[in-house]
Amino acid sequence: MTPFNYLKEYRVLQSNNYLSNSDESISNIAFKVGFNGISYYGKVFKEHMNCSPSQYRMNHKK
């Protein structure tokens, strides 16, 4: 795994915690974990998690 791919995966995993445990907007979460664009965040998230951030939030909300 390249350092860049590791960083993307790490950022997605960090965002999972925010998606599950807060009502913060998905765009704010994307910026908070280090993504500069919402569409890019959605694309990377879907590659790693096989669902969109909003679908993940609906399925994992506590």
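In helix H1, the buried residues are Lys8, Val12, Ser15, Asn16, Leu19 and Ser20; "buried" means under 20% relative accessible area, "exposed" means over 50%, and "partly exposed" is in between (1.4 Å probe, protein chains only). Seen down the axis of H1, these buried residues fall within an arc of 130°, so they line one face of the helix. That arc is taken from the directions from the helix axis to the C-beta atoms.

Before going on, a bit of housekeeping. This is a predicted model, where local features need pLDDT of at least 70 and side-chain atom pairs count only at pLDDT 80 or more, while totals for chains, interfaces and linings use all residues. Residues are numbered from 1 along each chain as its sequence is written, and side-chain values use heavy atoms, with hydrogens and water left out.

**Helix H1**

- Helices here are DSSP runs (H or I, at least four residues), numbered from the N terminus.
- H1 has 19 residues and spans 28 Å from its first C-alpha to its last, close to the 27 Å expected at 1.5 Å a residue. The expected span is 1.5 Å times one less than the number of residues in the helix.
- Over on the other side of H1, Pro3 and Tyr6 are exposed.
- What do the buried residues of H1 pack against? They pack against H2, H3 and helix H4 (53-60), with contact meaning heavy atoms within 4.5 Å.

**Helix H3 and what follows it**

- H3 has 12 residues and reaches 16 Å from first C-alpha to last, close to the 16 Å expected at 1.5 Å a residue.
- The buried residues of H3 are Tyr41, Val44 and Phe45. Looking down the axis of H3, you'd find its buried residues within an arc of 105°, so they line one face of the helix.
- Those buried residues of H3 pack against H1, H2 and H4, whereas Ser39 and Lys43, on the other side of H3, are exposed.
- Most residues other than glycine have a negative phi.
- Asparagine 50 sits in the loop between H3 and H4, and at 66% relative accessibility it counts as exposed.

**The nonpolar core**

- Which residues make up the largest nonpolar core? There are 11 residues in all: Val12, Leu19, Ile29, Ala30, Val33, Phe35, Tyr41, Val44, Phe45, Cys51 and Tyr56.
- Helix H1 (3-21), helix H2 (26-32) and helix H3 (38-49) each supply at least two residues of this core, and H3 gives the most, with 3 residues.
- A nonpolar core is a set of buried Ala, Val, Leu, Ile, Met, Phe, Trp, Tyr and Cys residues joined through side-chain atoms within 4.5 Å.
- In soluble globular proteins, nonpolar side chains tend to be buried together.

**Around tyrosine 56**

- Tyrosine 56 is found in helix H4 and counts as buried, at 11% relative accessibility.
- Not counting residues up to four places away in sequence, tyrosine 56 touches Asn16, Leu19, Ser20, Phe45, Met49 and Cys51.
- Asparagine 16, in helix H1, is buried at 7% relative accessibility. Asparagine 16 is in contact with Phe45, Met49 and Tyr56, again leaving aside neighbours within four places in sequence.
- Is methionine 49, at 25% relative accessibility, buried, exposed or partly exposed? Methionine 49 counts as partly exposed, and it lies in helix H3.
- With neighbours within four places in sequence left out, methionine 49 is in contact with Val12, Asn16 and Tyr56.

**Aromatic rings and a salt bridge**

- Phe35, Tyr40, Tyr41, Phe45 and Tyr56 form one aromatic cluster.
- The count comes to 5 aromatic pairs. Rings of Phe, Tyr and Trp (its six-membered ring) pair if their centres lie within 6.5 Å; planes under 30 degrees apart count as stacked, over 60 as edge-to-face and the rest as tilted.
- There is 1 salt bridge by count, meaning a side-chain nitrogen of Lys or Arg within 4 Å of a carboxyl oxygen of Asp or Glu.
- Glutamate 24 and lysine 32 are the partners, and their side chains meet at 2.9 Å, N to O.
- Glutamate 24 is partly exposed, with a relative accessible area of 23%, and lysine 32 is partly exposed at 44% relative accessibility.
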